Amino acid sequence: MDKEFSLTKVHIIRFGGLSQKIYTFKDGINIIQGDNRSGKTTLCEFIRFMLYGFEGRETDFYYPYNSENRSVCGSMNIKCGVKQYEISREYSASQNTLTITDTDRAQPFVLPEGVCPGEYF
């Protein structure tokens, strides 16, 4: 797809040191700033996880800190061209769930076999 891609919202439910965080983005350039250890890199890694999963990467670092829950999850809203989608993912030792919704139509969107969201969008 050769369309303009942009993030509109990121909702981190559980990922590394972040939980129940919502980030909204405007059209154009957005600047993420904060003190050391405030979650800037974790936010970037979450976006990477949403687009590409954990394929071939170590996962222990991203499980929630100070929690018995050994899963990571959240969602991300994107705009690709004029269409809008929500990408939701949950990962644990026993499951790896990816759901994409065409939010304009409120219908599931199915990627081509073997293609991840980061490759498609």
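Me: Tyrosine 120 first. Is that residue buried, partly exposed or exposed?
Reply: Tyrosine 120 counts as partly exposed, because its relative accessibility is 21%. Keep in mind that this is a predicted model.

Me: And how many aromatic pairs does the structure hold?
Reply: The structure holds 11 aromatic pairs. One of them joins phenylalanine 46 and phenylalanine 49, with 6.1 Å centre to centre and 50 degrees between the planes, a tilted pair.

Me: Where do phenylalanine 46 and phenylalanine 49 sit in helix α1?
Reply: They are three residues apart in that helix, which spans residues 40–52, so about one helical turn separates them.

Me: Buried or exposed, phenylalanine 46? And phenylalanine 49?
Reply: Phenylalanine 46 counts as buried because its relative accessibility is 0%. Phenylalanine 49 is also at 0% and counts as buried.

Me: Back to tyrosine 120. How are the rings of phenylalanine 109 and tyrosine 120 placed?
Reply: Their centres are 5.5 Å apart and their planes are at 55 degrees, so this pair is tilted.

Me: Which parts does that pair tie together?
Reply: Phenylalanine 109 is in the loop between β6 (107–108) and α2 (117–120), while tyrosine 120 is in helix α2, so the pair links parts 11 residues apart in sequence.

Me: New topic: which residues form one aromatic cluster with Phe49?
Reply: Phe15, Phe46, Phe54 and Tyr91 are in one cluster with Phe49.

Me: What lies over the face of phenylalanine 49?
Reply: Arginine 89 does, at 5.7 Å from the ring centre.

Notes
Residues are numbered from 1 along each chain as its sequence is written. This is a predicted model: local features need pLDDT of at least 70, side-chain atom pairs count only at pLDDT 80 or more; totals for chains, interfaces and linings use all residues. Side-chain values use heavy atoms; hydrogens and water are left out. Rings of Phe, Tyr and Trp (its six-membered ring) pair if their centres lie within 6.5 Å; planes under 30 degrees apart count as stacked, over 60 as edge-to-face and the rest as tilted. Helices (H or I, at least four residues) and strands (E, at least two) are DSSP runs, numbered from the N terminus. Buried means under 20% relative accessible area, exposed over 50%, partly exposed in between (1.4 Å probe, protein chains only). A charge sits over a ring if NZ of Lys or CZ of Arg is within 6 Å of the ring centre and within 35 degrees of the ring normal.
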